[in-house]
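Here are my notes on this model, as promised. Have the structure open while you read, and go through the points in order.

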Amino acid sequence: METNSEKEVLFNPGCESVVDDEERRRLLWLMAEYFRTIGYSDIKARLPGFMPPPVLSGTIEDHRPDFTCRQSDSARTPIILEIVTPGMVDDPTAENRWSLLASAAKLYNAELHFVVPKWSTSGPVDPALKRRLARMELTVNRVWTV
């Protein structure tokens with residue numbers, strides 16, 4: 001018998017409550033620990049032991065952000081964060097996901113952040129990601145290289 005979460009995964013890729021890709025999970029752990037250390041609150045991450053962020057409903061597909069939290073400023077500004085590995089930069093299926101995350105950031109007055117690995121055998125990831133996001137006309141607050 002399938003549970004609701006198993007059905008969610010079967011019918012909505014990108015909505016899993018835990019990231020299965022090892023490289024993405026490693027970067028996500030680093031960011032979760034960093035934001036926890038600097039005092040951000042309401043941390044939700046697609047990691048074991050964390051409450052996962054809520055699924056965002058889109059017109060084409062639904063997606064769950066990799067990470068969300070609230071900053072320690074007076075407005076407790078939300079952050080929506082996406083991990084991008086080298087293979088994802090040119091993935092055509094990422095456009096719907098990233099557009100949905102950008103729309104949610106606007107809707108909730110949140111900042112949209114992307115995280116890429118600092119080193120890759122295929123070269124630097126952040127310039128390629130920034131070019132793609134610019135082509136998509138998405139507003140991004142920060143691209144982290146870690």
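1. Start with β3 (78-83). Six of its six residues are buried, so the strand is largely enclosed by the rest of the structure. Buried here means under 20% relative accessible area, exposed over 50%, and partly exposed in between (1.4 Å probe, protein chains only). Pro 78, Ile 80 and Glu 82 point one way from β3, while Ile 79, Leu 81 and Ile 83 point the other way, and all are buried. In a regular strand the side chains alternate between the two faces of the sheet.

2. A word on the ground rules. This is a predicted model, where local features need pLDDT of at least 70 and side-chain atom pairs count only at pLDDT 80 or more, while totals for chains, interfaces and linings use all residues. Residues are numbered from 1 along each chain as its sequence is written, and side-chain values use heavy atoms, with hydrogens and water left out. Helices (H or I, at least four residues) and strands (E, at least two) are DSSP runs, numbered from the N terminus.

3. Now the sheet. It is open and has five strands in the order β1-β2-β3-β4-β5, with mixed pairing; two strands pair if DSSP finds at least two bridges between them. β1 (41-45) and β5 (142-145) stand at the edges with a single partner strand each, so one side of each is left without a neighbour in the sheet. Neighbouring strands are turned by 20 degrees against each other on average, direction ignored. For such angles, axes are lines fitted to C-alpha atoms (for helices over the stretch in contact), and values run from 0 to 180 degrees between N-to-C directions.

4. Which way do the strands run? β1 and β2 (residues 67-70) pair in the antiparallel sense over three bridges, and Lys 44 stands opposite Thr 68 in β2. β2 and β3 also run antiparallel, joined by four bridges; the bridge partner of Arg 70 in β3 is Pro 78. β3 and β4, in contrast, pair in the parallel sense over five bridges, and Leu 81 has His 113 in β4 as its bridge partner.

5. Helix α2 (residues 22-37) packs on this sheet, touching β1, β2, β3, β4 (111-116) and β5, and its direction makes about 155 degrees with that of β3. Contact means heavy atoms within 4.5 Å. Glu 33 lies in α2 and counts as partly exposed at 36% relative accessibility.

6. Take a look at Thr 85, in the loop between β3 and α3 (94-107). Is Thr 85 buried or exposed? Thr 85 is buried, with a relative accessible area of 7%. Leaving aside neighbours within four places in sequence, its contacts are Asp 21, Glu 23, Arg 24 and Pro 117.

7. β3, α3 and β4 make a right-handed β-α-β unit. Right-handed means that, with the strands pointing away from the viewer, the path from the first strand over the helix to the second runs clockwise.

8. α3 also packs against helix α4 (residues 126-135), at an angle of about 75 degrees and with the axes 11 Å apart. That makes α3 roughly perpendicular to α4 (under 35 degrees counts as roughly parallel, over 145 as roughly antiparallel, 65 to 115 as roughly perpendicular and the rest as oblique). The contact is made by Ala 94, Glu 95 and Trp 98 of α3 and Leu 129, Arg 132 and Leu 133 of α4. These residues divide into four nonpolar, no polar and two charged; Ala, Val, Leu, Ile, Met, Phe, Trp, Tyr, Cys and Pro count as nonpolar, Asp, Glu, Lys and Arg as charged, and the others, Gly among them, as polar.

9. Finally, some backbone geometry to check. Asn 109, in the loop between α3 and β4, has a positive phi near 50 degrees without being a glycine, and is exposed at 64% relative accessible area. Glu 137, in the loop between α4 and β5, has a positive phi of about 60 degrees although it is not a glycine; at 69% relative accessibility, Glu 137 counts as exposed.
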